[in-house]
Amino acid sequence: MMEHIPLDFPFLAAALLVGISFYIIIFKKNLIKLIMGIAMLASGVNLFLVSLGYRAGGTAPIYTDVPEGTMVMSVPQALTLTSIVINVAVLALMLTMAIRIYRHTGSLDSEKSRKLKG
Amino acid sequence: MLTKIVRTVANQLILFIVIFGLYVIVHGHITPGGGFQGGAVIVSGVVMLLAAFSSQELKKSLRERVLTIVESSGALIFIILAFIGIGTVFFYNILVGTPIFGRIPAIGPGPGDIWTGGVIPLMNFAVGLKVIAGLSAVVLALALFSGGEEVEE
Amino acid sequence: MRRVTGWIVLIVLVAFLVWGVTLVHPFGDPDASAMDDYIIENSQEETGSNNVVAAVLFDYRGLDTLGEATILFTAVTGVLLLLRASKRKKETS
Amino acid sequence: MTFLLESGYAFWNPLIWIIVFIVIMIVVYFFRRRGQKGYKKDTDQARIFLCGEEVPEAGERHIRVGNIYWGFFETLKEYYNQILRPHTGIINDYILWFVAITAISVIVLLVAGLG
Amino acid sequence: MAELITHSPILIIAIPLLAAFLTPLIGMASQKARNAFVVGSLVFVTFLVFALARDISFNGIHVYTLGAASPDLSIPTGFMVPVRIILEVDGMSAFFGIIWAIVSLAAAIYSLSHIASETGQTRFYTLLLLMVTGGFGMMFTGDLFNLFVFLEIASISGAALIAYRTKFADTQEGGFKYIVVSAIASLMVLFAIGLLYAQYNSLNIAYLAQVIQYTTLDKIALAMFLIAFAMKTGMVPLHLWFPDAYSVAPASITGMLVITSHACMYAAFRICFTLYGGVINAPVVGWIIIIFGLLTMFVGVTMAVYQKDVMRFMSYHAVSQLGYMWIGVGVGLAVLGNAELIATYGRDAMSGGIFHILNHAMYKPLLFFTGGALFHYTGTRDLTKMGGLAHKMKWTTILYIIGTLSISGIPPLNGFSSKILIYESVYQFHPILTITGIIVSILTLASFTKAFHSAFMGAELPEYKGGKEVPRSMIIGMVILAAGIVFVTLFPSLVVDWAIHPAADALIDQGAYINAVTGAIP
């Protein structure tokens, strides 16, 4: 087995996650799928952020009963936490609007809910 | 509304969920966790209740108005805790060194002490209050709306 | 037409992203960490909190957390605003 | 002089314009005063005369917005056909444009850095 | 008073926030008290902004370190890197702050009777105050992640407010589009912040500006920042969501959304000039901005002439006017490295662009407010159903004329004085820019004349016989902005000397911004 995770695997995973979610956002016409795509995009960005702060062999940055040694960086974790809560808020609001759109038009298709154009 | 077994189990389980959530909130400054995480744990308990019972049932005990008041007061406590430092600087941790939560732990790894952290435990508590009330209100409102009922003004 | 454009654009974007993240420092070995080292070393003394992440959240980057709590408040207010009844009940008016 | 705005080449003074406006107003007022004094409201003088035809109702004689600048749109028909195509109103397309422009500007910035 | 000034950067952000948290509680007690509270807190904030701006013009950049032992202790003693969140207010931030304060005050007063017949007013005002907080936070912060957080506050509250009138389907659609677009834009901003953080381990704009290298990753991050903020601003061809969202919002919110889009423009300028200012490939980025600016101007105005919905028509004009600002500042950016060209026309072009932001922030909300008054009176946004409204809406007509003349750049109104600055300086960079600008200006006048004729002129239509002029608070909200227009019209040089040139110099002078934070380090 390898000693540590090869290459920049988490970074690549984050980049691919962003790519896949853009695929969903661009090609899927269902509003709920669109919202799921945005949630995935947020996960990708969060994964990228939190893996920036990792130091090989580091422990969690909490001093309570921790073995001596390096600690991983704490600021990216705080940023990720903030970003996760922000995305929860955004998703809640998006879902509310999607429900309202469904109530009004009876459809969740983004091609059908386009009263505003031109 | 699910079967009686589920409802009974949920009724008992909610106590432990709330206790665990409160533990996470209160020990936010010494162990992993904090206001957001603990609040989310408790709200997951609320979601469990929502699944076990109907939203109509839950509406009787969780009033929209009460939730709004609790949420606003959580946010207010938070911002006031930030404001009390303004004698020095906004967000200055004024309680470090005072008897209330003011102890300074031994530098370096060691056992935690609950009376440390200055305003951090209080802020954790305020945020926890806010998250519990806010997310419960959202979940409840969405459930009620799917059942065809709109929120009062 | 749209499918083709979409795929081209998507492939270009993903190529750039993948290429970009390989240019970031190797995983587990950050290039610069002055700010984080300072916080890890001094947080116990300055804030009295054993949990460094909590110290960052509520002390060093307190305004971010206030903003985060505000966003949650905004979203809750927004959801309740959007799910409200658009007509007043008779007895209230 | 607080009214004066220097723009490097020329200057701009709103006071001059305001004075000119006031002078024009006075001239207009003089012309207006020379008009007919015998105008009476609510008589045939005030009614619309359309070569003896029936005058349409207020709603029908107002030129609605769709009929204004008809010639302009007729001339630029091709342009408008093209320009209206991206305005589909579908949210997915909006994001596609965003991704496309981001990709293009990344390429431009990187290529410009090479030379 | 001196204490108040010292703490004013955070107070300007925190007081609307505190008011927003209190509003639901007060709203339960009494509606009148709530309205008075909202307007009162905004008046106080406006006062603070003016006091802060005055102090900045005398004493230079204000730095406020949150949570440190003293406000100006931006870097911990004996350390080299800023650790805490730092608010940094310079001439540019103060300039945007003044605009935002005035427009939000006018919008709050306007809302008092504009939404009087709707439910959910308490939550409406709460969100309005939160949006004010978000805007001020974006303008005053000196920290990238903090910028992202406040960007999200402004966009989430904005989206909820756009969808405020839930009984119509199109409002929900507009709000949904807005929130999707802003969520994606801000996530890309966050990704770019992560790219910068990975290399330099800092989030402070001033410190990053000092150490930035312009590596490949920095270029990718710059493109992401620029295009994400440009999307939020409504630059062609990323403007497609713009009229959809703006046309369906309540008019007071549309007026405020214009300024949030200016705040995103501020963020883009901050990124280009301050963060990347020392290392940026200025001509390339400048030309990118100029080309998109030209497209924005032209496509925006031609689409506007075509519109039949009054709010949509004005939104497209907002798009087209944004092009002038991009061009003015883009020309300044394109010649950034060349001190001689900056002195000949670069600074004037930037001043023109920034001056146009001020003017646009006055007349565009005014026009949106008149559009809202038309909606209030007729119950429709469709211009084909309107006509002869000048008979009943005398105040609205006069205010609309002021706004129209101003946006079309008719002398002596303020739109002309900023446009002449842009035209004359930009002509020396490339004549085609000025020519396009003049054509766009003509088309603007043409389309506003068309809307004026179809809405206000003509005989009184039978269906609108019985109505009355809009309520007084709406007129007061509009008159505040019209008074701003008249002031700028009469004293252009005063405004340019006291507000515009300091703002332009703040953008050009990257060193001052850095020194304010990392001053001790040579």
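1. A polar contact is a pair of N or O atoms within 3.5 Å; within protein, one atom must be able to donate a hydrogen and the other to accept it, and residues adjacent in sequence count only if both atoms are side-chain atoms. By this rule, chain C and chain D share 1 residue pair in polar contact, both residues being at pLDDT 80 or more.

2. The model is predicted: local features need pLDDT of at least 70 and side-chain atom pairs count only at pLDDT 80 or more, whereas totals for chains, interfaces and linings use all residues. Residues are numbered from 1 along each chain as its sequence is written, chains are lettered from A in the order in which they are written, and side-chain values use heavy atoms, without hydrogens and water.

3. The contact of chain C with chain D (heavy atoms within 4.5 Å) involves 7 residues from chain C and 9 residues from chain D. About 710 Å² is buried between these chains, with 85% given by carbon and sulfur atoms; buried area is the accessible area (1.4 Å probe) that two parts lose on being put together, summed over both. Arg2(C), Val9(C) and Phe16(C) supply 62% of the area that chain C buries against chain D, more than any other three residues.

4. Arg2(C) also forms a salt bridge with Asp93(D), at 2.5 Å from N to O. The term denotes a side-chain nitrogen of Lys or Arg within 4 Å of a carboxyl oxygen of Asp or Glu. The interface of chain C and chain D has 1 salt bridge.

5. Between chain D and chain E, the contact takes 48 residues from chain D and 69 residues from chain E. The buried area is about 5000 Å², and carbon and sulfur atoms give 78% of that area. Val65(D), Phe98(D) and Leu109(D) supply 15% of what chain D buries against chain E, more than any other three residues.

6. How many salt bridges are counted between chain D and chain E? The count is 0, while 7 residue pairs are in polar contact across this interface, both residues of each pair at pLDDT 80 or more. α5(D) gives the most to the side of chain D that touches chain E, with 14 residues; helices here are DSSP runs (H or I, at least four residues), numbered from the N terminus.

7. Within chain E, helix α13 (residues 339–378) packs against helix α14 (residues 394–407) at an angle of about 145°, with the axes 9 Å apart. Axes are lines fitted to C-alpha atoms over the stretch in contact, and angles run from 0 to 180 degrees between N-to-C directions. Among the residues that meet are Tyr363(E) and Leu367(E) in α13(E), and Leu399(E) and Tyr400(E) in α14(E).

Key: Helix = DSSP H or I, 4+ residues; strand = E, 2+ residues; numbered from the N terminus.
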